[in-house]
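Dear colleague,

Please find below the structure that I am handing over to you. My notes on its aromatic rings follow.

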Amino acid sequence: MLSHDERGAVVTVILLILAPLLLAGILLVSEHPRLVHGSDVDLGQAVAEAVRAAAMCVDDASQASGQPRIEPDRAHLTFRRILARNLGLSEATLEPLPGSGMKSAPSYVLLIYNGDDTYMPAAREYSLLNGSYSQADLLLTGFPQDFAVNNDSITPGTEGITTTLSTPGCVAVVRGKTTPILSGDAEPVRWAAARIVTK
């Protein structure tokens, strides 16, 4: 039979063994979502920053006339550069560099919308979907313009997730496989829109 002092010592030893396990369990439960979805959050922020940078690529002549319009080709290159820099991708191929949170090159659609073709094309779409690149001028004019954003497309209208451009701007949707820190595969889709603000 254990004396009172011996029982206290046994309880103390058991608590000393269980305390770190309990603490590790609490940390794992609270940190698991952040660890699993950390690169997913990075993707959302990278898309938002790339779209804002693209919207700042204003044509000089249109700016001087007080009717700013986005220069599509420069905006597209800026979008790719910022996206690559923020996600740890090669600027030329968008393939992941060592240490990137991405497992492969992302797919994207970028729409530049100027509303008219006075200085620049009214609407131009750039897409890189599963390694296949394309660009096309779209027959859209006028403000405000609603755009529906889907996993692999941006279309005029209000079906699904919608954004409205009331001045020249950009809309992008990016889909890519991210590398979770703990386990599993994720292929999040993130979108963002930015527009020129005029007084």
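Rings of Phe, Tyr and Trp (for Trp, its six-membered ring) are said to pair if their centres lie within 6.5 Å; planes under 30 degrees apart count as stacked, over 60 as edge-to-face and the rest as tilted. This is a predicted model, in which local features need pLDDT of at least 70 and side-chain atom pairs count only at pLDDT 80 or more, while totals for chains, interfaces and linings use all residues. Residues are numbered from 1 along each chain as its sequence is written, and side-chain values use heavy atoms, with hydrogens and water left out.

A search of the whole structure finds three aromatic pairs. One of them joins Tyr113 and Phe143, edge-to-face, at 5.4 Å centre to centre and 80 degrees between the planes. This pair links distant parts of the chain, 30 residues apart: Tyr113 is in strand 1 (residues 107-113), and Phe143 is in the loop between strand 3 (132-137) and strand 4 (145-150). Strands (E, at least two residues) are DSSP runs, numbered from the N terminus.

Tyr113 also pairs with Phe147: the ring centres are 5.3 Å apart and the planes at 70 degrees, so this pair is edge-to-face. Phe147 is in strand 4, 34 residues from Tyr113.

Tyr113, Phe143 and Phe147 form one aromatic cluster.

Yours sincerely

Note on methods. Helices (H or I, at least four residues) and strands (E, at least two) are DSSP runs, numbered from the N terminus.
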